[in-house]
Amino acid sequence: MNNLTQAINAHLESEFQASHSYLAMSIWLREKDLAGFSSYMLEKSNEERTHAARMIAYLVDCDEEVVLPTIQAPERHWESVQHLFDRVYDMEKEVTASINRLYSLAEASSDRSASAMLDWFVAEQIKEEAEARFVRKRLRLAGDNAAALLLLDQQFLEGTALAHVKATMLGFSTDQP
Ligand SMILES: [Fe+2]
Ligand SMILES: [Fe+2]
């Protein structure tokens, strides 16, 4: 197994771990009856699995070996919704750093197909970080105001909470397969 294949396999852990953590977050939020935040995190959990699937498909198509990682049990409690989204933001930053390391490896070995595959992930991480940053800032603004928190939850339920971020990210759209 070459270095890059090894590194892509190692990266799968970040995607699966994020999926698992986001699922745990979705459960915690649902337990708090924050249905909007909960469904958003469930959607994010499913999305992370599709990211892993995208890399797995790449490895198989290139006739490279896939080694699925062991996933650790995720955290199950957070001090507040704000703390939870701080963690989401940190995790997305970690995933971005990992993607950037893969990109450097692909470039160092002049692996054009790997770079092309990773281009999608670079754009996706810009979107993911922008979303996490926006939610985090909204929650800072809401502070201890329950009405503001419930309003944001309602916006997630209606699918409008991130409309502004999505509109400004159109140039980086990764929605198409
Ligand atoms: Fe991801
Ligand atoms: Fe992500």
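Helices (H or I, at least four residues) and strands (E, at least two) are DSSP runs, numbered from the N terminus. By that scheme, M55 is found in helix α2. This is a predicted model: local features need pLDDT of at least 70, side-chain atom pairs count only at pLDDT 80 or more, and totals for chains, interfaces and linings use all residues. Residues are numbered from 1 along each chain as its sequence is written, while chains are lettered from A and ligands numbered from 1 in the order in which they are written.

**How the helices pack**

- Two packed helices are described by the angle between their axes and the distance between the axes. Here axes are lines fitted to C-alpha atoms, for helices over the stretch in contact, and angles run from 0 to 180 degrees between N-to-C directions.
- Angles under 35 degrees count as roughly parallel, over 145 as roughly antiparallel, 65 to 115 as roughly perpendicular and the rest as oblique.
- A crossing is left-handed if the near helix is turned anticlockwise from the far one by less than a right angle, and right-handed if clockwise.
- Two residues are in contact if their C-beta atoms, placed from the backbone, lie within 7 Å.
- For residue classes, Ala, Val, Leu, Ile, Met, Phe, Trp, Tyr, Cys and Pro count as nonpolar, Asp, Glu, Lys and Arg as charged, and the others, Gly among them, as polar.

**α1 with α2**

- The axes of α1 and α2 cross at roughly 165 degrees and come within 8 Å. The two helices are therefore roughly antiparallel to each other.
- Their crossing is left-handed. The contact of α1 with α2 has 15 nonpolar, seven polar and five charged residues.
- S26 lies in helix α1. Its contacts, leaving aside neighbours within four places in sequence, are S38, M41, L42 and S45.
- S26 and M41 are 15 residues apart in sequence, yet their C-alpha atoms are 5.0 Å apart in space.
- M55 touches I8, H11 and L12, not counting residues up to four places away in sequence. From M55 to H11 the C-alpha distance is 9.1 Å, across 44 residues of sequence.

**α1 with α3**

- The axes of α1 and α3 come within 10 Å and cross at roughly 165 degrees. That makes α1 roughly antiparallel to α3.
- This crossing of α1 and α3 is left-handed.
- On the α1 side, the contact includes N3, L4, A7 and I8. On the α3 side, L84, M91, E94 and V95 are among them.
- The residues of the contact of α1 with α3 divide into 11 nonpolar, five polar and two charged.

**α2 with α5**

- Helix α2 (residues 35–61) packs against helix α5 (residues 146–158) at an angle of about 50 degrees, with axes 6 Å apart. That makes α2 oblique to α5.
- α2 passes α5 in a left-handed crossing.
- A35, G36, F37, S39 and Y40 of α2 meet D153, Q154, Q155, F156 and L157 of α5. This contact of α2 with α5 divides into five nonpolar, four polar and one charged.
- F37 touches L29, V81, D153 and F156, not counting residues up to four places away in sequence.

**Core and burial**

- A residue is buried if 20 or more other C-beta atoms lie within 10 Å of its own, exposed if 12 or fewer, and partly exposed in between, with C-beta atoms placed from the backbone.
- A nonpolar core is a set of buried Ala, Val, Leu, Ile, Met, Phe, Trp, Tyr and Cys residues joined through C-beta atoms within 7 Å.
- The largest nonpolar core has 29 residues, of which M25, L29, F37, M41, V81, F85 and L118 touch the most other members. The elements that give two or more residues to this core are α1 (3–31), α2, α3 (81–108), α4 (112–142) and α5. The largest share, eight residues, comes from α3.
- S26 counts as buried, because it has 21 C-beta neighbours inside 10 Å. M55 is partly exposed, with 19 other C-beta atoms within 10 Å.
- S104 lies in helix α3. S104 is exposed, with 12 other C-beta atoms within 10 Å.

**Loop residues with positive phi**

- Most residues other than glycine have a negative phi.
- D33 lies in the loop between α1 and α2. D33 has a positive phi of about 60 degrees although it is not a glycine. D33 is exposed, with 9 other C-beta atoms within 10 Å.
- D63 lies in the loop between α2 and α3. Its phi is positive, about 65 degrees, although D63 is not a glycine. D63 is exposed, with 6 other C-beta atoms within 10 Å.
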